[in-house]
Amino acid sequence: MNLTLLGLPGAGKGTQAKKISRDYNITHIATGDIFRILIEKGTPLGKRAEKYIQQGKLVPDDDAIQIVKEEFSRIDMNTGFVLDGFPRTLYQAEILTEILDDMGYRLDMVFFIKVNPEELVERVAGRRVCLNCGATFHIEYNPPKKEGICDLCGDELIQRSDDQKDTVRKRIEIHSNKVDELVSYYKDLGILRIITGQSIEEIYSNIKMAIEVEL
Ligand code: AMP
């Protein structure tokens, strides 16, 4: 099963992708996480990506495509995957279709997590992440047991520099048109599933229902 998740920043793509990956035993590929690792390692691609990410802009398509291609060559494609944060532009979506086609695979479903845009700034600004294990929390909606400490690995939780309110507003603005284009591209391909819900659990249960229909 090969999936991807669409949604504005703060819609909960990462949270849902982790749950799907765990329950259906498929590989989670999060382009934002990979960029953060490359930035930390100081690789040339990481250095290139850093300035875009800090300004809340999208990294150029070719760099995003390169990391996804590398992941596809590294993982066992027969296990299946859930992409999180890719594609983010129509061009990336078209190239993804080509790459998968060349490898003899295709996307089975694309989940668009539809959230009221007014809620997004608060959601993202309250997000805290663990750089060690990738776990995500929210100071209000999903707080860690101990403030500032990751429940899973005990490391310190941080606020991503691009999760500050002003940068979030900019990210949402930049992403809105692009998400609309992606939604219509995948709708035309007949693989789009629109997912709504108030809580993490409600959204996840709607995703699971959509998956079970196909299995
Ligand atoms: P995320 O963790 O998915 O919110 O991604 C963090 C940042 O990484 C985004 O705001 C972009 O700057 C960059 N990024 C992640 N995935 C992509 C992508 N597919 N295309 C371009 N930039 C990306």
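A nitrogen atom of the ligand sits 2.9 Å from a polar backbone atom of Gly85. You're looking at a predicted model, where local features need pLDDT of at least 70, side-chain atom pairs count only at pLDDT 80 or more, and totals for chains, interfaces and linings use all residues. Residues are numbered from 1 along each chain as its sequence is written, and side-chain values use heavy atoms, with hydrogens and water left out.

### Exercise 1: Around the ligand

Find out which residues are closest to the ligand, and which classes make up the shell around it.

*Solution.* 

- Step 1: count the neighbours. There are 16 residues around the ligand, and the closest are Thr31, Arg36, Lys57, Gly85 and Arg88.
- Step 2: sort them by class. You get six nonpolar, four polar and six charged residues. In this scheme Ala, Val, Leu, Ile, Met, Phe, Trp, Tyr, Cys and Pro are nonpolar, Asp, Glu, Lys and Arg are charged, and the others, Gly among them, are polar.
- Step 3: Helices (H or I, at least four residues) and strands (E, at least two) are DSSP runs numbered from the N terminus.

### Exercise 2: Following helix α7

Trace helix α7 from end to end: how far does it reach, where is its kink, and what comes just after it?

*Solution.* 

- Step 1: take the span. Helix α7 (residues 165-189) has 25 residues and reaches 35 Å from first C-alpha to last, close to the 36 Å expected at 1.5 Å a residue. The expected span is 1.5 Å times one less than the number of residues.
- Step 2: locate the kink. α7 bends by about 35 degrees, centred on His175. The bend is the angle between axes fitted to the seven residues ending at a residue and the seven starting there.
- Step 3: pick out buried residues. Among them are Arg171, Ile172, His175, Val179 and Leu182. Buried means under 20% relative accessible area, exposed over 50%, and partly exposed in between (1.4 Å probe, protein chains only). An α-helix has 3.6 residues a turn, so residues three or four places apart point the same way.
- Step 4: look just past the end. Gly190 takes a positive phi of about 80 degrees.
- Step 5: look before the start. Asp163 lies in the loop between β7 (157-158) and α7, and counts as buried because its relative accessibility is 0%. The side chains of Asp163 and Arg171 make a polar contact of 2.9 Å.

### Exercise 3: Buried or exposed?

Decide whether Asn25, Pro87, Asn2 and Thr79 are buried, partly exposed or exposed.

*Solution.* 

- Step 1: Asn25 is in the loop between α1 (13-24) and β2 (27-30). Its relative accessible area is 61%, so Asn25 is exposed. Asn25 also has a positive phi of about 55 degrees, although it isn't a glycine.
- Step 2: Pro87 lies in the loop between β3 (81-84) and α5 (90-103). With 2% relative accessibility, Pro87 is buried. The peptide bond from Phe86 to Pro87 is cis, with omega near 0 degrees.
- Step 3: Asn2 is in strand β1 (residues 2-6), and its 5% makes it buried. A polar side-chain atom of Asn2 is 3.0 Å from the backbone oxygen of Arg106.
- Step 4: Thr79 sits in the loop between α4 (61-74) and β3. At 35%, Thr79 is partly exposed.

Note on methods:
A residue is near a molecule or strand if one of its heavy atoms lies within 4 Å of it. A polar contact is a pair of N or O atoms within 3.5 Å; within protein, one must be able to donate a hydrogen and the other to accept it, and residues adjacent in sequence count only if both atoms are side-chain atoms.
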